[in-house]
Amino acid sequence: MKDAIVKITTNDRVSDEENTLSQYSGAYPPSLVVWPTSTEEIAKIVKWANENATSLVPVSSAGSKLRRSSLPKVESTVVLDMSKMNKILRIDSENKVAMVEPGVTYDILIRELKKEGLRPLMPLLPKASKSVLTSCLDREPITTPRFHWDTPDPLLCTETVFGTGDIFRTGAAAGPGTLEEQWESGQAQKNPQGPSQFDPYRLIQGSQGTIGIVSWISMKCEMLPDAQQFLLAQADDIEAFQDFNYSLFRRRLADEHFMLNSAGLSAALGSKKQLPPWTLILGVSGHGTIADEELDYRLGDIKDIARDTDVKLEENLKDVKSSEIESLLNRASKVPYWKVRAKGECLEVMFTTTLDRVQEFYHIFLDFAKDIGFPVDQIGTYVQPMVQGTNTHVGFDLYYSLDDLMEQAIELVAKGQKKLLDEGAYFSRPYGLFTDAVFEKASPLTVDAMKRVKAIFDPNNILNPGTLCFKEVP
Amino acid sequence: MTLGEFEDMMDSCVRCSKCKFIPQLVIQSKRFSSICPSIDYYNFHAYSGGGRMIVASAYHKGRVELTKEMLDVIYSCTNCGGCEVSCKWVYELEPNEAIHELRVAAVEAGAGPMPKHKKYIELVERNNNPYGEDPEKRPAWLTDDITTDESSSTLYFVGCTASYRREEIAVATAKILNSAGEDFRLMGSDEMCCGSPVFRVGDEKKAIEIMKSNIEQFKETGIEKIITSCSGCYNMLKVEYPRFVEHDIEVIHTSQMIEEFIEEEKIKLTEKVPMKVTYHDPCHLGRMAEPYVPWEGEKIEVLSQVFIYDPPKPVRRGAGGVYDAPRNVLKQIPGVELVEMERIREYSYCCGAGGGCRSAYPDFALWASNERLEEAESTDASTLVSACPFCGTNFKEGIESRKSEMDYFDLTELVLRSMGGGK
Amino acid sequence: MLEKKVYEAFTKIVGERHISQDLAVMDTYAFQWCNEIEGAQRGEEPQRFGVRPLAVVLPESTEQVQSIVKLCNEHDVTFKAFCTGMGPWAGVSDPRAIQIDLRRMNRIIEVDEKNMYAVIEPYVTNAELQSELFEFGLMHHAQGAGPQTAPLASHTSFVGPGFTSPYTGFSARNVLGVEWVLPEGEILRLGSFDHSGKWFTGDGPGISLRGIMRGWLGTYGGLGVFTKAAIRLFSWPAPKDWKWKTSGTIPDYDWDVPPYWQMYVLNFEEWEEYQKAMYELSDREVTMVATTSAPEGLAALFTNTKQDAIETIFAGLLAKTRNYIVMLVAAHTQREFDFRTKLVRLIMEKYGGNDLIAEGVTTPMPMHYGETVRNMLGGHAFRFSNCFQSTHGGMDTISMAVRLAQLNQPIKQKYIDKGVIGDDRGLGIWITSYESGHMAHMEAPTVYDPTDIESCLGYAAYQDDCNQLDLDNALGMPFFIVGDEVHNFYAKRAMNYPDWLRKIKGAFDPNGVSDPSHYVKGVEKKK
């Protein structure tokens, strides 16, 4: 096996050393780790895997894996560590787009984009080692719902090696023409749709590496603000923000727009302050010509909406300053990752719903936690409106340590998720053991249709087997 | 015109479906967005204005023969002209005219019109009216308190429906004329059907004979002005007759006449008629009442593939119908509150009776009147008013069928009531 | 004719009133705008009558659609469903095919005011949906095909640019949950709808089956039937008590313009300045509309008759009009309005532009504001010859759209010189930006005479040239690169994408009964 892969790559980019393999170990340790450096290499490896009935798992982010989706679930897996493909291939400020390889992390991208007057559309405090590409492929919610037009945003075009070993560029990047020819014609791989009459980017995204291995993506960026202000509000119940939020979604006045409960905000800030039960966070900006006036108009209208909907917006709350919040945004988390900083471990529960049901689900989950004996003040909650407010990501983070509350955390995740599922929470990005319950809830036809798709793009089931509803092994 | 002359036009339909709806800009709700009762009831595209143009084209090109179902397609159209108003917002097409020509072609081919139409045409030929009533009883509605002047050059052309079915309209019209001191005469038992039911179903030959005969009679009796209380008669005499028979007789509708009487203070509306009313524009008094303006000139290619007419060719869009007169009259009746439906004026929804549908497709005609009544009811008006005995008959039947609490009155009836019953 | 027993089986599903096989009725489905162009491109004599379906059925429910589709599989009958059905892609291609006319499925199932989506059936039209959304202060993205066409068709199956695209995006990107009768008759429910009966997202769990549903272009009805779709809604920038109100008489209606609305026609001498301005205006979210056309097009936009449009052209509009952007500042508040109008002025000045409205070169009446937001302006192009069609269509950046416009001009001029297409000096284009300028597309609306064979052939040849130009110069994929033959023409320069389409088609339509004419034939077709 190793020889075959070495033939495709080079000796120094393949490892079967135990201590290396153990870093990538999931249900089973992989048999081999390979660090490809080109799309062609990936394609050759995939073809080889097809011929040799070997499963492949692509990994782009370094470090611990809370969701364990990119860890081998079957024996004799070859892990493709994409971290050596770490170039920012292109930044185009006029078209507000960047093209990145899998190994590019947020801090580097932010730095490079800044030089061009841009900022990425990004999640809240991603891990320092988090691959930007993976984050986009995982449909990780971004903090700026105004710029979130459709679920896949900010993901645009991709270059993907399907499970068949075919290299394919998705979206406008597919052609006609090479990338160079497209750049020459003024294109910038901005249209993620297609090519033509299918949307492979929607199949690749959310597939947790089961449809193809992506060698680069283009992604939507936005202009850097020239004037910016953050506003905060606090409430005992998230429902108190509801009218305000719904009014604000319509107007697309704010950039950053999300809510954290006290445990969540406390974890993000890394401090143990006395925090309000819920904090609403808004970032408002202006850029370019009359940026200050843009900021003023946006703030003015936001404040009018707040007044009409009984929300008190302030620059600084008693225990949280907006400067502290600002420092959390548009950057990666410091090491250690903020979710594990306090207690050492974290289990995540995440689902999609509409904002008007968040409070209901929150209480369901907290009540369950109480029953189980998991302290509610160790459940960080992040509520992130998406698709300009059409739906909402809800994330519950269970902070615990290996020697304290681990069992309760595991039980809460298992049973709490089930309860949420039964109550109508939609687990659009299922991870871990709970995945099976999610697909049981789906109609058999949905699963069957997904399997038909899988059979087209990965007919031999070599890509990350055991993931989602794709149980078949090579 | 012949069907062949419509060929370019028929080939130019883009099948966009605008003909199924009122002009898009004036749509205020989903419920009342449609303009075509026929497509609403039958649903196949063939039953729309554009669909019928395609059918006409297919027939003209010899692609199809006149089957029973095709005849249904051709004849289950009220010929209301709504499709054409919406179509002309963008296109230079005349679907309603093409439908008429298709009917003419069907008759020429011996397949049209429908049996019920043939029957009433026979009755028109035999009894001068499509109802088969005794011609001698035509003036039976006349009451003793009505004065006519057989030497007058003004004719009240009563029409078959008001004469035999909706006599109250004839009575009201005559009484209003009397009250205004306006001399008029009747043709009495010599009055002949205006030809509308014959013309509309495509029997153009017989319709033209009727037109000629009528005009001859009018000329012989020295008629200079005709008053009609029927929209169908008005449309025929005012709009269609001049296309086939020359005449210079002034034709006015009762709504216009009453408006004039009020303006000239010949009548006074003094009695309170406390009711909230909504007004239905009869197709033949509205969009179809816009006269054809003869045009002569040439077609000039001003830009490649783009032609204009020199001098500019008048476009019959339906804007020139009689819309304001009935409304102005209603507004002057003390106690009357006029509220409008969503579909009014040139984009009014047809009552469903016209084009021969009430006789050949009574279920459809009744359904259409129910559609319109639902719209009328949605205004919260207690009363539906219109100015056409044929619409009125269909609405009355609709009101009964849906057990509506709405009342129906002809404009003349309300005017008469406000005058205290007339002289 | 269908075999008697097959016809009877269809009749049993929809009832006698809702099925027909009369040839005249069938011909109203065989006849389609642009059949003459597709015919010409195939080397046939141009005409609007295409393939006649063997029957037309009018189902009233998803269950009826499902039964019809299953019956088609059973008896090897091809089907094509449509909503309002405008264009050759709506018609059938197989001699043994039926047409599923979805006209009776016309309900607005739900408007979720808070979460801003509407669930609609196939025959709800844009104007109808729009008129029902005002009370919620909402609007939807309506495709450029016009207010009388169906938003479900555009969102699930067919391209999707619109006049409000800078503000409301592109149809394909605004779809949430969907109910979809697959080609074999199974009912697939996408995303959260499958899960909990709520429509707020169509994606997941895991992969999104929207990925096979339509892509950028849509499958043009070649992969089953969409019976319900949830689509995103957007804020309608008018006060709560504002009502859609028209008055007057055709063709000169009046319309109540909401407060804080202002139209501009910003004109730039050169493409370079135009391009910069278009980027900045779109990025700054000041405009609901950012549309560019030819000066001749401007004459048609703000007039009500062909005569007026032509007179406007000859009154000197062309001399004063270069590269322009029709814009609509539609603000919610005075503050927003003041900011936006100031910024528009500054951007105009920055790039040396002028406002053709302020200078009296063109004058939109209040009703033209209404027509703009009701998506009626595209229809005005039909006024010149009762007919036009668009070529190109590539969608990516504003700069690509501009380059496409420049390269298109000499090609178009060639056909204008031949006298076969409308004379717009080769400048006849339509550009709009999307999603606050993140994307843009350019197409070239072109007037031709459908009753003149030479004109049809000429337009078809022009479209072929445009396709070749886009292929050779990497200018994106034109709209009408659909159907096996045309796909093959583009395949090599576009990663052989049709291979994947054929696999999807094969996997979901093994009997090949969902009409493939404007999609692809599947690889695993059993027939």
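Biologist: Which share of the contacts in chain C with a separation of 6 or more comes from residues 24 or more positions apart?

Modeller: Two residues are in contact if their C-beta atoms, placed from the backbone, lie within 7 Å. In chain C, among contacts with a separation of 6 or more, residues 24 or more positions apart account for 68%. This is a predicted model, in which local features need pLDDT of at least 70 and side-chain atom pairs count only at pLDDT 80 or more, while totals for chains, interfaces and linings use all residues. Residues are numbered from 1 along each chain as its sequence is written, and chains are lettered from A and ligands numbered from 1 in the order in which they are written.

Biologist: How many helices and strands does chain C have, and what is its radius of gyration?

Modeller: Chain C contains 18 helices and 19 strands, read as DSSP runs numbered from the N terminus (helices are H or I with at least four residues, strands E with at least two). Its radius of gyration, 23 Å, is close to the 24 Å that the globule rule gives for 527 residues, so chain C is as compact as a globular protein of that length; the radius is taken over C-alpha atoms, and the rule is 2.2 Å times the number of residues to the power 0.38. Along its principal axes, the C-alpha trace of chain C spans about 70 × 55 × 50 Å.

Biologist: What percentage of chain C counts as buried, and is C:Arg340 buried or exposed?

Modeller: A residue is buried if 20 or more other C-beta atoms, placed from the backbone, lie within 10 Å of its own, exposed if 12 or fewer, and partly exposed in between. Of the 527 residues of chain C, 71% count as buried. C:Arg340, which is placed in helix 13 (residues 334-350) of chain C, counts as buried because it has 23 C-beta neighbours inside 10 Å. Once its neighbours within four places in sequence are set aside, C:Arg340 is in contact with C:Val286, C:Val329 and C:Ala331.

Biologist: Which chains share the most contacts?

Modeller: Of the 2 pairs of chains in contact, chains A and C share the most contacts, and 79 residues of chain C are in contact with 77 residues of chain A. The contact between chains C and B takes 61 residues from chain C and 50 residues from chain B, and helix 2 of chain C gives the largest share of the chain C side, 6 residues. No contact joins chain A and chain B, and their closest C-alpha atoms lie 23 Å apart.
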